[in-house]
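Hello,

I am passing this structure on to you. Please look through it before reading my notes below.

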Amino acid sequence: MKMGFRNGIVLWFMAVLTGIAATGGTAGAGESASVRFAFQDRIGSVMPIVAVSKGFFAGEGLAVKPLRFSSGPACAEALYSGAADIGAMGDTTAVITVARSPRFTIVASHATGEHRHRIMIHGDSGFTRLDDLTGRRIGVKKGTSTYGGLLAALERAKLSQSMVQIVDLTPPIMSDALMAGSLDAFAASEPTPSVAEQKGARELITLGGLGNLYPILILANQDRFSADADVLIRFLRALRRAGVYAAEHPDETVALMAVETGLQADTTRKAMARHDYQLRLDQAIRASLAATAGFLKHQQIIDHVPDFNVSADSEYLDACRLP
């Protein structure tokens, strides 16, 4: 199963690499700079969602076109195909992306959360430990940070991939598949576990305790921004302003995210509490990325560990500090 996943990832990246790259236009005098931004419609995306909804991008003179997806690999595909200039995704997808192409640079993490990924089971299930899932069907979206965390959790429990049945599914259908009995468990990031809890599922374990911060990362296409760094700096400044707004207006942010995700307000608040929303690219994030990359190489998903002194550049983030 490991080899099948690796080959599938290679074919997927080769396919999107053949896409025709298109870059956003540079603004003329008095015009807003156009940026196409791919991000996920998930609890981890507080900064992007607030920045779009509250006009922080426009306030920086940017005409941002939001492209919303349900998984990190979909955001990466938008980058590769040229449909997006900037993309947000979990660490596994980000590491695979920069390992495959030097065109893309990690410029920030906008959220972390060691326990934001969870393995969910039916509320009536008798499962109590991960090894209870031996031979069982586990839904997960392959190529995501959740998938990387699941592989690490299986390895820690001394379970090989061949000892479970991994089913590649998109997050929106996981809860219904679990409750209908098509799956015995699924692994996903918020809000999918909380959606499942509202339908009668319960948590088996989180994917915490594995030495991973699970950062959600911002990647930029250097073909677009190498000669237009100011646009990227203003983009990050807008995200930083969104983070300040979210911290200063927690109730309004919960209400906004509840509308975006379809969760009840109390459930949204609990799901958000599993995250730390900060714009950062510090040594802890770099160490987490290096650990993830080492694991992915061990799993033969990537063929080398990227040099994060090159693939992760904090220069743009350092330049976007607020007054």
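The notes cover a sheet, the helices across it and a group of aromatic rings.

This is a predicted model, in which local features need pLDDT of at least 70, side-chain atom pairs count only at pLDDT 80 or more, and totals for chains, interfaces and linings use all residues. Residues are numbered from 1 along each chain as its sequence is written, and side-chain values use heavy atoms, leaving out hydrogens and water.

Five strands make an open, mixed sheet in the order E2-E1-E3-E10-E4. Strands E2 (62-69) and E4 (104-111) are its edges, each pairing on one side only. Strands are DSSP runs of E with at least two residues, helices runs of H or I with at least four, numbered from the N terminus; two strands pair if DSSP finds at least two bridges between them. E4 pairs with E10 (residues 216-221) in the antiparallel sense over six bridges, and Ala 108 has Ile 218 in E10 as its bridge partner.

The structure holds six aromatic pairs (ring centres of Phe, Tyr or Trp, the last by its six-membered ring, within 6.5 Å; planes under 30 degrees apart are stacked, over 60 edge-to-face, the rest tilted). Phe 37 and Phe 57 are edge-to-face, because their centres are 6.2 Å apart and their planes at 80°. Both are buried (under 20% relative accessible area; exposed is over 50%, partly exposed in between; 1.4 Å probe, protein chains only). Phe 37 and Phe 235 are also edge-to-face, with centres 4.8 Å apart and planes at 90°. This pair links strand E1 to helix H10 (residues 229-248), 198 residues apart.

Regards
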